[in-house]
Amino acid sequence: MEVVGSQPMSRLRAATRMILVIVTLSVAWIDGAVAGRTCEPYVLTPATVARGLELGKRSFDLLEASGAEVALIARAGQDLTRYGLRYSHMGFVWCDHPDGRWTVVHELNACGSAESSLFDQGLGNFFLDDPFRYEALIVIPDVESQHRLATMLAGDMPQRMHEPHYNVIAFPFSTRYQNSNQWALELMATAMSRDFPIADRASAQTWLKAAGYRPTTLEIPALTRLGGRLFKANVAFDDHPFDRRMAGRIDAVSVESVLDFLRARAVVEDEQVVSMPVTALPGRPQRPGRADREAPIAAAPPPGR
C-alpha cells in the first residue's frame, strides 16, 4: 500500500512545493507593486543621511519661498514606473506646525503589522528612509483649501479621518481599511467640499465619488492575491467589489490619482518637483528599487500623534 501510494504522494508534494514557490514570488510582487514595507534591516550611512537632509532642505527652501500655509508632499519611495506611477506616498506639510516649521503630517504603517498611526515628521527625516529616487513633488492647493487644511490639522479632524486598520491596497470607497494616500485624499476632500458637510470617512467617500474621483486600477492575478492575503498582514482584498476582485482589477488610492483629481477640480495653485542628481551613493551601489518603508525608521522615529 505504501509503495503504491508513494508516486501520487510524491507528485502531490512536488505540486504543493511549486504552489508555495509561486505564492512566495507573488507576495514579493505585491511588495514591489504598491507601498508596503518589507521590514528588512536598514542601516543609515553618512551618505544617505546627507542626501536625505539635502532633499529636505531644498524642499524647505521651496516651501518658504512659496508663501504657502499648507502643501501636499509626495516621495518616490519605490520604483512603480512599470505601473505608470512615479510617487508612492504622500502627506501634508504644514508651515506653522507646533513641532516646527514645515513639519510633515502623514499616515504610516507599522512594519509587519496591519496597523497604522499618524505621525508628525521633520522634512529631513521624511527623506531618510532609503528612497528609490531622491525626488519630492510639492503641490500647493488654492488659498481657501490651505486655510481649511491648516484649521483641520490644528484640530482633531486628522484623527477623526484616520482608520488604524491598514491595507496597502484599501478600496477607496470602503471604510473597512485605509492606506496612507487614502487618508491624505479623504482629509483633502474635507477641505475641498464647500456645500457638502464632511464629518467622517463615509461622508468623505460619498463626496469623492460624486465629485468624480477615479482611483488607480492595479492588475493583480488570483494567485498573487492569495499569496498576499495569506502571508502579508497589511494586504487584504475583502473590501473590494467581488466582480472586480475576481477579474483581478484592484482599485486603490495612488499619489497620481489624487493629483489627477485635484487638477480636475482646479484646486492646484502650483506644483514643483524637488530632486537630487541621480548618482550612486558612496560605498553602496544603486539598486533597482526597494519597498517603500511606510513606517518610521528605528534609528530616528518621528514624534507620534
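I started with a pair of helices: helix 6 passes helix 10 in a right-handed crossing. This is a predicted model, so I keep that in mind throughout.

Next I looked up the geometry of that pair. Helix 10 covers residues 255-264, and its axis lies 10 Å from the axis of helix 6, at an angle of about 15 degrees. Angles under 35 degrees count as roughly parallel, so helix 6 is roughly parallel to helix 10.

Then I asked myself which residues of helix 6 and helix 10 meet. From helix 6 I noted N181, L185, M188 and M192; from helix 10, V255, V258, F261 and L262. Sorted by class, this contact has seven nonpolar residues, one polar and no charged.

I moved on to helix 4 (residues 143-153) against helix 6 (residues 180-192). Their axes come within 8 Å and cross at roughly 120 degrees. That makes helix 4 and helix 6 oblique to each other. Helix 4 passes helix 6 in a right-handed crossing.

On the helix 4 side I listed S145, R148, L149, M152 and L153, and on the helix 6 side L187, M188, T190, A191 and M192. I get seven nonpolar, two polar and one charged residue for this contact. M188 and M192 of helix 6 turn up here, and they are also on my list for helix 10.

Last, I checked confidence. The protein averages a pLDDT of 78, with 73% of the residues scoring at least 70. Residues 1-38 fall below 50, and this stretch has 56 contacts in the model beyond near neighbours in sequence. Residues 280-305 are below 50 too, with 86 such contacts.

Key: Residues are numbered from 1 along each chain as its sequence is written. This is a predicted model: local features need pLDDT of at least 70, side-chain atom pairs count only at pLDDT 80 or more; totals for chains, interfaces and linings use all residues. Side-chain values use heavy atoms; hydrogens and water are left out. pLDDT is the predictor's confidence in each residue, from 0 to 100. Contact means heavy atoms within 4.5 Å. Axes are lines fitted to C-alpha atoms, for helices over the stretch in contact, and angles run from 0 to 180 degrees between N-to-C directions. Helices (H or I, at least four residues) and strands (E, at least two) are DSSP runs, numbered from the N terminus. Angles under 35 degrees count as roughly parallel, over 145 as roughly antiparallel, 65 to 115 as roughly perpendicular and the rest as oblique. A crossing is left-handed if the near helix is turned anticlockwise from the far one by less than a right angle, and right-handed if clockwise. Ala, Val, Leu, Ile, Met, Phe, Trp, Tyr, Cys and Pro count as nonpolar, Asp, Glu, Lys and Arg as charged, and the others, Gly among them, as polar.
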